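Subject: The structure we talked about

Hi,

Here is the structure I promised to send over. Please open it next to this note, and I will walk you through what turned up.

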Amino acid sequence: MGCAMSGLGLVAKPAGDMKDEDVVVANLSQEQTEMIKESWKVIQEDIAKVGIIMFVRLFETHPECKDVFFLFRDVEDLERLRTSKELRAHGLRAAAVKGEEQAFKKALKLIKEVMSFIEKTVARLDQLERLDQLALDLGKAHYRYNAPPKYYSYVGVEFIRAVQPILKEKWTAELEEAWKDLFLYVTRIMKKGYLLEERDQHSNTIEPSKEKPDKKNTRL
């Protein structure tokens, strides 16, 4: 959970193509890390707004993503999700607002989970081992959700578009590049987790070949 990343083609390889040298290395500088952390302080104040805008734009630009983010399948009126005053007033706690439709509750639950992942990602920028494990586990989970890697980058693209107007003059080309690098790094780790889970599941489904009886020893 890269940016102009939609062209990266992060498509899952067959399980057999996983190689030991497929190592993902973080290339964020300390300056980029600090920029991301500072910008997140501002983004956090509008975290519900960012999450809602991000997903509404995601489904407008890539309608097929509803088949992946299945909790959104029953949300037909995306514009209502974007403009709801109740959602803006209560933030991501709006899922508990009395009278809110069940479909909206499910959608907001997913938004909250994705924004929570981004929050945890930023918090682990100085602890890359923990960040790697977080992204790896999420990638494995996405295999079980039937959400292939090609969709991961779309979220990063729409996140960046959603936060630009919130950060206003604080948004710079350098900050945009930092967020792009972070999402590229995380999506590559998630892809690795997806492929590892795919390989493990594939291995578990292969039944050992049954040994044929030795004809020499079958006579009673």
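Which residue forms a salt bridge with K37, and how far apart are the closest N and O atoms? The partner is D126, and those two atoms are 2.2 Å apart. A salt bridge here is a side-chain nitrogen of Lys or Arg within 4 Å of a carboxyl oxygen of Asp or Glu. K37 sits in helix 1 (residues 30-45) and D126 in the loop between helix 5 (102-123) and helix 6 (128-144), so this pair ties together parts that are 89 residues apart in sequence. D126 counts as partly exposed because its relative accessibility is 49%; the classes are buried (under 20% relative accessible area), exposed (over 50%) and partly exposed in between, with a 1.4 Å probe and protein chains only.

Before going on, a word on where this comes from. This is a predicted model, in which local features need pLDDT of at least 70 and side-chain atom pairs count only at pLDDT 80 or more, while totals for chains, interfaces and linings use all residues. Residues are numbered from 1 along each chain as its sequence is written, and side-chain values use heavy atoms, with hydrogens and water left out. Helices (H or I, at least four residues) and strands (E, at least two) are DSSP runs, numbered from the N terminus.

Back to the charges. The structure holds 6 salt bridges. One of them joins R161 and E158, at 3.2 Å from N to O. Both residues lie in helix 7 (residues 152-167), 3 residues apart, which is about one turn of the helix. E158 is buried, with a relative accessible area of 2%, whereas R161 is partly exposed at 42%. R57 joins these two residues in a network of salt bridges. K180 and E176 are 4 residues apart, so about one helical turn separates them.

Now the aromatic rings. W40 is in helix 1 and W179 in helix 8, 139 residues apart, so the pair links distant parts of the chain. W40 is buried at 4% relative accessible area, and W179 is buried at 0%. W179 also pairs with F159: the centres are 5.0 Å apart and the planes at 50°, so this pair is tilted too. F159 belongs to helix 7 and is buried. W40, F159, W179 and F183 form one aromatic cluster.

Helix 2 (residues 47-61) has 15 residues and reaches 21 Å from its first C-alpha to its last, close to the 21 Å expected, where the expected span is 1.5 Å times one less than the number of residues. Its buried residues include I52, F55 and L58.

Most residues other than glycine have a negative phi. N146, in the loop between helix 6 and helix 7, has a positive phi of about 60° and is exposed at 58% relative accessible area. K168, in the loop between helix 7 and helix 8, has a positive phi of about 50° and is exposed at 59%.

Best wishes

Note on methods
Phe/Tyr/Trp six-rings, centres within 6.5 Å; stacked < 30°, edge-to-face > 60°.
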